[in-house]
Amino acid sequence: MPDYEIENLLYEQGFRAVCGVDEAGRGPLCGPVVAAAVILAPGTEIPGLNDSKKLTAKKREALFDVICEKALAFGIAQGSVEEINALNILEADLLAMRRAIASLHTQNDEPYPADFALIDGNIDRDFPIPAKAVVKGDSLSMSISAASVLAKVTRDRMCDELDRTYPQYGIAKHKGYGTKDHMDALRKYGPSPIHRTKFIRFLNEPAEKSNE
């Protein structure tokens with residue numbers, strides 16, 4: 001279960017506002033990638049908080065408001081489909097994370113900058129403040145875990161909106177991932193403006209090969 005061990009070590013070193021950062025949506029075939037940053041006061045209790053992938057959708061939704069209420073600050077941002085297509089998913093992901101850090105604010109919408117960032121994963125380059133990558137950080141750090149929930153819930157809500165615009169793909173059900181139903185719909189209807197060009201190259205493959 002996540003705790004405040006990593007954050008506390010940084011506060012002991014003199015940092016004053018440590019944020020956890022995580023993303024959602026690197027793997028899907030469509031839609032933006034979403035990142036969130038969260039600053040929690042050490043010791044803040046959020047019962048049930050864990051890596052978002054280990055929680056049900058209902059539990060994540062319930063935790064979303066609790067996190068926003070209890071956090072000293074939070075920020076949510078995205079890397080657009082256009083940016084994913086023009087750059088690549090990693091660079092768009094990092095861009096979304098930087099934007100989330102830059103947008104940290106209180107519940108009253110007042111800016112609340114961080115001075116250190118804990119980044120889920122193994123890449124911590126080119127951030128505007130000192131940063132440390134934490135592999136499986138969403139299972140170790142409370143602030144990263146909180147960020148993972150905000151990012152996942154936000155992206156799932158976006159997928160529900162995209163489903164209303166492009167109902168033929170079933171996005172609300174699979175959240176953009178490459179399920180058989182999603183890929184079959186892409187073959188039938190072709191890609192939409194929200195699909196990531198580098199992620200749907202299978203459409204150019206012979207049908208028998210893509211079905212292997």
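This briefing covers salt bridges in the structure above. The model is predicted. The count of salt bridges in it comes to 13. Three of these pairs are described below, grouped by where their residues lie.

**A pair between two loops: D138 and K53**

- D138 and K53 form a salt bridge in which the closest N and O atoms are 2.9 Å apart.
- This pair links distant parts of the chain, 85 residues apart.
- D138 lies in the loop between β5 (131-134) and α5 (142-165), and K53 lies in the loop between β2 (33-39) and α2 (57-70).
- D138 has a relative accessible area of 4%, so it counts as buried, whereas K53 is exposed at 64%.
- A network of salt bridges links D138 and K53 with D51.

**A pair between a helix and a loop: D160 and K175**

- D160 forms a salt bridge with K175, and their closest N and O atoms are 2.9 Å apart.
- D160 belongs to helix α5, while K175 sits in the loop between α6 (171-174) and α7 (180-189).
- The two residues are 15 residues apart, and the pair links distant parts of the chain.
- D160 is partly exposed, with 28% relative accessibility, whereas K175 is buried, with 16%.

**A pair within one helix: K180 and D184**

- The side chains of K180 and D184 meet in a salt bridge, with an N to O distance of 2.7 Å.
- Both residues are in helix α7, and because they are four residues apart, about one helical turn separates them.
- K180 is exposed, at 61% relative accessibility, and D184 is partly exposed, with a relative accessible area of 31%.

How values were computed:
Residues numbered from 1 in each chain as written. Predicted model: local features only at pLDDT ≥ 70, side-chain atom pairs only at ≥ 80, totals over all residues. Heavy atoms only, no water. Salt bridge = Lys/Arg side-chain N within 4 Å of Asp/Glu carboxyl O. Buried < 20%, exposed > 50% of the residue type's maximum accessible area, 1.4 Å probe, protein only.
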